[in-house]
Amino acid sequence: NSQQYSFSYHAHLLFEFVPFSNDTLINYNSVKLKTWEEASLLHFFFLNPCTVAEYRNECRNEISEWFATLNRMEGAEWLIVFDSLKAREQKNRGALMERIKSDFAKFTNRIVEIYDPSNIVALQSSMQLHLLNSLEYYVTYVESSLSNRNDQYSNSNFDFITFCRDQMSLSRLYQSLGMFEQVLALFDELDATLSVIAFHYSSEGPTPKWLTSSKCFTSMSSGCPLFVAMLKCDSPWDNITIIELRCIILAHQILVQQT
C-alpha cells in the first residue's frame, strides 16, 4: 500500500469477530482508555438484502444507528460489507449499490461488495487499510500518553506501578504482532525510568505513595525473585517491592531476547 505507517515490520494479525457493542468502542476522551485486549479496532456491518425495499425496511434504520454511534467516536474505523449474491440473482444488485452509496455518499470508500468466496480481494485490502489505520491511531495515542506521563515521574501523584501496567499492556500488543524489538525497547525504557526514579528519590522528597508502599527492598515472595517474576510477569501486583519490580522488568528483557 502506498500509505506509510509507523509499522515498518511484517506484523502477524490474529483477530476474532465479536458482536457490536458500545462496551467494545475505544473512547479516546475517557479518563481510562480501554486496553487493546478489551476493545475492537475495526467494526463491520454485514448486509445481504435482495431488493431496495428490503434494504429500506430491514437494514437502513439499524445501519444508520450503527453508523451514528461510530461517527461520534474519535478514531473509529468501520466498513459496510454488502453481500450482493442474492441481489445479483434477482438482478437488483445495481439499484441496491446505488442506494447504499447514496445513503453513505461521503464514505463510499468504506462500502465493500462481496458475492463469491473467490472474489474477496477488495475486502481483504480494505480490512488491511482500515485495521492499520486504527492500530496506528491507537498506538500513537498510547505512546504519546505514556511519554507525557513518563516525564512526570517526579510528580508526587505519579504512579509508576500503574504506568508499568499500561506500558506492559502496550508491550503485549507489540508482542502479539511479532514486533519484539519494540517490546524490548519498552522494557529498556521502564528499566531506565525506574533507575532515574530511584536516583531522584534517594535525595529528594517527599516519597510518592507508590514508592512508600514499595520501600521494602527485600522480596516478600518465596523462591528466587527472578524466577518468580518470570512466572508472574504479566503485570506488577499491588505493594510490589522494588526488587520484585526490577526482576519483572529484567525477566521480560531476558524472555524477549530469547524469542
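**A parallel sheet and its helices**

Three strands here make an open sheet, ordered 1-2-3, with parallel pairing. Keep in mind that this is a predicted model. Which strands sit at the edges? Strand 1, residues 43-47, and strand 3, residues 111-114; each of them pairs on one side only. From one strand to the next, the twist averages 25°.

A quick reminder. Strands in a sheet pair through backbone hydrogen bonds, and the pairing can be parallel or antiparallel.

Now the first pairing. Strand 2 covers residues 78-83. How many bridges join strand 1 to strand 2? Five, and the two strands run parallel. Look at His43: its bridge partner in strand 2 is Trp78.

Next, helix 1. That is residues 52-71, and the helix packs on the sheet. It touches strand 1 and strand 2. The direction of helix 1 makes about 175° with that of strand 1.

On to the helix pair. Helix 3 is residues 93-103. The axes of helix 1 and helix 3 come within 9 Å. They cross at roughly 40°. Angles under 35 degrees would count as roughly parallel, and 65 to 115 as roughly perpendicular. So helix 1 and helix 3 are oblique to each other.

Who makes that contact? From helix 1, Val52, Tyr55, Arg56 and Arg60. From helix 3, Ala95, Leu96, Arg99, Ile100 and Asp103. What is the make-up of the contact by class? Five nonpolar residues, four charged, no polar.

How values were computed: Residues numbered from 1 in each chain as written. Predicted model: local features only at pLDDT ≥ 70, side-chain atom pairs only at ≥ 80, totals over all residues. Heavy atoms only, no water. Pairing = 2+ DSSP bridges. Helix = DSSP H or I, 4+ residues; strand = E, 2+ residues; numbered from the N terminus. Axes fitted to C-alpha atoms, helices over the stretch in contact; angles between N-to-C directions. Contact = heavy atoms within 4.5 Å. Parallel < 35°, antiparallel > 145°, perpendicular 65-115°, else oblique. Nonpolar A, V, L, I, M, F, W, Y, C, P; charged D, E, K, R; others polar.
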